[in-house]
Amino acid sequence: MCGIVGYTGPQSAVTPLIEGLRRLEYRGYDSAGIALGTSGKLYVEKRAGKLNNLEQALGADLPTVHSGIGHTRWATHGGPTDRNAHPHLDNEGKLAVIHNGIIENYAELRTLLEGRGHKFSSDTDTESVAHLLSDLRKSHNGDLPAAMREAVASLRGSFTLLAIHADAPETIVGVRRNSPLVLGLGDGENYLASDVAAFIQYTKRAVELGQDEVVTITPTSYSITDLAGNSKKAKEYEITWDASAAEKGGFTHFMLKEIFEQPKAVADTLIGRLKDKKIQLDELNLSSREIKDIDKVVVLACGTAFHAGLIAKYAIEKWAKVPVEVELASEFRYRDPIVNKNTLVLAISQSGETMDTLMALRHAKSLGARILAICNTNSSTIPRESDAVLYTHAGPEIAVASTKAFLTQVAATYLIGLYLAQQRGVMKDGEVAEAFEQLQELPGKIEQVLETVEPLRELTRTFAAATSVLFLGRNVGFPVALEGALKLKELAYMHAEGFAGGELKHGPIALIEEGTPVIAIMPAGAEHALDEKMASNIQEVKARGANVIVIAEEGQVVTGATHVIRLPKAPAMMQPLLATVPLQVFAYEMAVTRGNDVDQPRNLAKSVTVE
Ligand code: F6R
């Protein structure tokens, strides 16, 4: 949460800073601000609300300077107001700081610094760092990197910090602990940002920064040290996607574009994964002995990624016959889970930066588990801290609501399930190859689903005033119901709940009133024994006045539905990758119908880097 960008080089800094913030706005959009590296006093402008407010405030008479830092905020400490917007300054207006994360000991720092005469002008945890750095810089004779090293040693929590000082404005100093920061290397210019998206249009050369590393950039140099001041070796890498991947490409919203990218995203996740009837997952780096010794799989994830994990449980247990537990990362961290060296942990995260998942991963690692990350973001923290990583190759996901990441996460877990099944000798090569072929047919089938979603727009008009929408599913359709409800909540701001069809009669059915929309996900036809059970659930809610929208396969008999949305035929295990798509479109269209901001829903941020 919070997007950070720093620039130093020949350009007028305001351009790369604002462009960078625009691409990072998915990380938070409560307020935005910049500090430009003017000498004497820094030029600072900040505004509550979206980036447009800041842009309007900047006006035409901006100083042309060649360095600066910019921030887009998701508020934690202090409301989303002008005064709490970043950057935060020291009392001389010469040193500015921007921050992503939480400084846990900010209150004691503030008391200490106020005792030394510092005057605070915000309610944030960040401002104490500006004052602290100001004092330490003086005691280090103007050496800002040295001040940053000492400051960080006394900070608790998670943070990425960037600082700039008016006396040496071409220098920007950054540090990261449990929050992302990446260095972009340009030609005579350098960048620091939360995500490569901020500078992708200028350079594809990036450098990973490790935990507690302090980085100093000027237009022509960079250096990285640990907190003791020892030089650290940089690991440079090439960014593989280009700037157009982070553009809307003719779609009205990133979310819609990403929904329509799903066939390709799933195909890219699967590419090259089957050779001679063998699933190819060399990156897992597990010996046959280790694979045989796995006695449990634990999935750790949050939100949509957690729903992908719930689907994975059905597939992995069915195919590999290994017990699977799926845990909300935020809960796992603070209990005493039974995990040991024979546990394979799957840490699923689109961003690779989700703090709850990262903390859970570390907890599992400390208990001896082997960690496999399923991630969409190259070189992010979760893969870096895992023993192995399976990238989903969905391409950048910009819309806050996750869509293509979800489908590719499910596909990736299926690969793991088939791989374990094959390596453990539970499934024969032919069976594995057959399941893989079914997976490979999905991109084409998702295309078909996308061709038939138009009527969903009309449907959202019918139900736009509903106060509550319920989603029902059984088997793999149950996590799909949860995901459909989550999408509707976050985009349409409507009350929505997903239930297992069988649970309905144990309480939730009391929610049904005359006209309540209920979306029922029917399991796949012939091979599934649950059709009739679901058909009964549909009758039960209909008898109590519900308007039932059923998602069913072509040819599946459906009675009692107000509307039926048809999916191409597919084996039961493959259905989640099809049935989720109309639910994504439904939530998208409902948000549009209700006039909500689709790509940046209220109160949310794409990458949740606080616990
Ligand atoms: C919902 C959504 C969130 C994320 C969750 C985990 O649309 O996007 O629920 O799925 O915050 O994020 P990652 O996958 O980045 O760890």
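Tutor: Gladly! Let's begin with a term: a pocket is an open set of grid points with protein on both sides within 12 Å along at least five of seven lines, and its lining residues have an atom within 4 Å of a point. Keep in mind that this is a predicted model.

Student: Which residues of the lining lie nearest the centre of the largest pocket?

Tutor: They are Trp241, Asn376, Thr377, Gly395 and Pro396, out of 44 lining residues. The volume of this pocket is about 840 Å³.

Student: What makes up the lining by class?

Tutor: There are 16 nonpolar, 13 polar and 15 charged residues. Strand S14 (235-238), helix H7 (262-270) and helix H12 (381-384) each give at least two residues to the lining, and H7 provides the largest share, three residues.

Student: Why is Asp276 called exposed?

Tutor: Exposed means over 50% relative accessible area. Asp276 has 69% relative accessibility, so it counts as exposed. Asp276 sits in the loop between strand S15 (274-275) and strand S16 (278-279), and its phi is positive, about 50°, although it is not a glycine.

Student: How do you know that the peptide bond from His86 to Pro87 is cis?

Tutor: Look at omega: it is near 0° for that bond. Pro87 belongs to the loop between strand S4 (67-73) and strand S5 (88-89).

Student: How do you know that strands S19 and S20 pair?

Tutor: Two strands pair if there are at least two bridges between them. S19 (residues 343-349) and S20 (residues 370-375) have six bridges, in the parallel sense. In one of them, Val345 has Ile371 of S20 as its partner.

Student: What makes S18 and S21 edge strands?

Tutor: The open sheet has five strands in the order S18-S17-S19-S20-S21, with parallel pairing. S18 (324-328) and S21 (388-391) each pair on one side only, and that makes them the edge strands. Helix H11 (residues 355-366) lies across S17 (296-301), S19 and S20, at about 150° to S17.

Notes. Residues numbered from 1 in each chain as written. Predicted model: local features only at pLDDT ≥ 70, side-chain atom pairs only at ≥ 80, totals over all residues. Heavy atoms only, no water. Helix = DSSP H or I, 4+ residues; strand = E, 2+ residues; numbered from the N terminus. Contact = heavy atoms within 4.5 Å. Axes fitted to C-alpha atoms, helices over the stretch in contact; angles between N-to-C directions. Buried < 20%, exposed > 50% of the residue type's maximum accessible area, 1.4 Å probe, protein only. 1 Å grid on protein atoms, 1.4 Å probe; cavity = no way out; pocket = protein on both sides within 12 Å on 5 of 7 lines; lining within 4 Å. Points joined across faces, edges and corners; volume = space filled by probe spheres on them. Nonpolar A, V, L, I, M, F, W, Y, C, P; charged D, E, K, R; others polar.
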